[in-house]
Amino acid sequence: MRSRQGARTAAPGEGYHTDHSNDVEPPKATALCAVKLPSTGGDTQFVNMYEAYEALPEEMKKRIEGLQARHVYESKYSERKLPRLAEARRRNESESAVHPIVRTHPETRRKAIYINPIRIEEIVGMPEHETLPLLDELLEHATQEKFQYRHKWKAGDVVIWDNRCLMHKANGDYPVSEVRYLYRLMLRGDRPV
């Protein structure tokens with residue numbers, strides 16, 4: 001969080017991500033309910049990872065097909081620092097999970113890019129000097145404005161999304177003296193394939 005002069009808030013959930021991808025079976029969906037909102041800002045942005053995958057050049061689709069990434073609680077490359085977990089929670093937290101970079105949705109059978117800049121520690125079998133540029137390229141592609149939806153919250157709004165084909169982020173662009181408070185519910189998922 002920056003100082004109050006020209007400040008912005010460090011919002012939980014900043015930076016595009018998908019929820020709990022370090023779990024062997026990450027949540028399939030998340031729901032947020034707006035309880036208390038700042039006077040301005042605090043929107044949530046989403047990117048459609050189906051559309052991002054479909055818009056990839058064929059050469060990139062072939063390059064990433066079959067690649068798997070190791071997801072951890074907090075990647076050493078993450079710009080966003082996550083809170084330390086309490087001991088009891090740390091025991092229940094997955095050490096890591098390996099998931100495909102191209103995920104096939106179990107219901108729609110559509111393919112989507114499945115990455116998480118906060119949690120990916122490595123692409124299995126790929127040298128680090130190749131991994132980071134590839135992940136950066138996929139993230140830059142996926143977060144283009146044409147794949148985005150921005151939700152401007154109103155008190156009482158409930159938004160539910162599918163973590164298997166979307167990434168999201170919270171915006172900390174509201175006054176530091178104000179509060180953004182939402183209830184969150186996550187639905188049990190399955191192993192990405």
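Me: Is tryptophan 161 buried or exposed?
Reply: This is a predicted model, where local features need pLDDT of at least 70, side-chain atom pairs count only at pLDDT 80 or more, and totals for chains, interfaces and linings use all residues. Residues are numbered from 1 along each chain as its sequence is written, and side-chain values use heavy atoms, with hydrogens and water left out. Buried means under 20% relative accessible area, exposed over 50%, and partly exposed in between, with a 1.4 Å probe and protein chains only. Tryptophan 161 has a relative accessible area of 5%, so it is buried.

Me: How many aromatic pairs are there?
Reply: Rings of Phe, Tyr and Trp (its six-membered ring) pair if their centres lie within 6.5 Å; planes under 30 degrees apart count as stacked, over 60 as edge-to-face and the rest as tilted. By this rule the count is three.

Me: What kind of pair do phenylalanine 46 and tryptophan 161 form?
Reply: Their ring centres are 5.0 Å apart. The planes of the two rings stand at 65 degrees, so the pair is edge-to-face.

Me: How many residues apart are phenylalanine 46 and tryptophan 161?
Reply: Helices (H or I, at least four residues) and strands (E, at least two) are DSSP runs, numbered from the N terminus. Phenylalanine 46 is in strand E2 (residues 44–48) and tryptophan 161 in strand E9 (residues 158–162). The pair thus links distant parts of the chain, and the separation is 115 residues.

Me: Which residues do ring pairs link into a cluster?
Reply: Phenylalanine 46, one of them, is buried, with a relative accessible area of 5%. The cluster consists of Phe46, Tyr149 and Trp161.

Me: Where is alanine 55, and which residues beyond its neighbours within four places in sequence is it in contact with?
Reply: Alanine 55 is in the loop between helix H1 (49–54) and helix H2 (58–64). At 36% relative accessibility, alanine 55 is partly exposed. Contact means heavy atoms within 4.5 Å. Leaving aside neighbours within four places, alanine 55 has contacts with His141 and Phe147.

Me: Arginine 110 has its charged end over the ring of which residue?
Reply: A charge sits over a ring if NZ of Lys or CZ of Arg is within 6 Å of the ring centre and within 35 degrees of the ring normal. The charged end of arginine 110 is 4.0 Å from the centre of the ring it sits over, and that ring belongs to tyrosine 50.
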